[in-house]
Amino acid sequence: MNKPSIQIPTLKLIAEDFIDPTKIEIVLPLYQELVEATRKETGCINYELCHDLKNPGHFIFLEEWQDYDALDAHITSEHFQRLVPQIDAYRIAEGRFTHMESVLFKD
């Protein structure tokens, strides 16, 4: 008899940045460093940066974390604390953050 599998939902996060379109070339290397360092963090399952094709200054991070502890460690990491204020210096609107979990259906 097979044991039922237990699925633990992961934490999903959508983080949106609104950057001055004339400053994108300054911000891209900062984003690159942030993405590369974050992907190495314990508990980071996915960390993807996307660019809105209709709004050049709108960037969206699609993130997946093992749990809130992993996300908290990310927010307090050296690279996050150093890079995010540099990126935010070029924003033209307040960022948005949406925290989610997957909806799990039982078989």
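Which residue's side chain meets that of arginine 91 in a salt bridge? The partner is aspartate 88, and the N to O distance is 3.5 Å. Both residues are partly exposed: arginine 91 has a relative accessibility of 34%, and aspartate 88 has one of 26%. Please keep in mind throughout that this is a predicted model.

Good morning. Let me now turn to the overall architecture. The protein contains 3 helices and 4 strands, and from the N terminus on they follow the order β-α-β-β-α-α-β. Along the principal axes, the C-alpha atoms fill a box of roughly 60 × 30 × 20 Å. Of the 107 residues, 34% are buried. If we consider contacts between residues at least 6 apart in sequence, 72% of them join residues at least 24 apart.

I return to the salt bridges, of which the structure holds 6. One of them joins the side chains of lysine 12 and glutamate 64, at 3.2 Å from N to O. This pair links distant parts of the chain, since lysine 12 belongs to strand E1 and glutamate 64 to strand E3, 52 residues apart. Glutamate 64 counts as buried because its relative accessible area is 18%, under the 20% cut-off. Lysine 12, at 25%, is partly exposed.

Another salt bridge lies within a helix. Glutamate 78 and arginine 82 are both in helix H3, 4 residues apart, which is about one turn of the helix. Their closest N and O atoms are 2.6 Å apart. Glutamate 78 is exposed, with a relative accessible area of 51%, whereas arginine 82 is partly exposed at 32%. Together with Glu33, these two residues are linked in a network of salt bridges.

Next, consider glutamate 63, in strand E3.

Finally, I draw your attention to alanine 89, in the loop between helix H3 and strand E4. Is this residue buried or exposed? Alanine 89 is exposed, because its relative accessible area of 57% is over the 50% cut-off.

Thank you for your attention.

Note on methods. Residues numbered from 1 in each chain as written. Predicted model: local features only at pLDDT ≥ 70, side-chain atom pairs only at ≥ 80, totals over all residues. Heavy atoms only, no water. Helix = DSSP H or I, 4+ residues; strand = E, 2+ residues; numbered from the N terminus. Buried < 20%, exposed > 50% of the residue type's maximum accessible area, 1.4 Å probe, protein only. Contact = heavy atoms within 4.5 Å. Salt bridge = Lys/Arg side-chain N within 4 Å of Asp/Glu carboxyl O.
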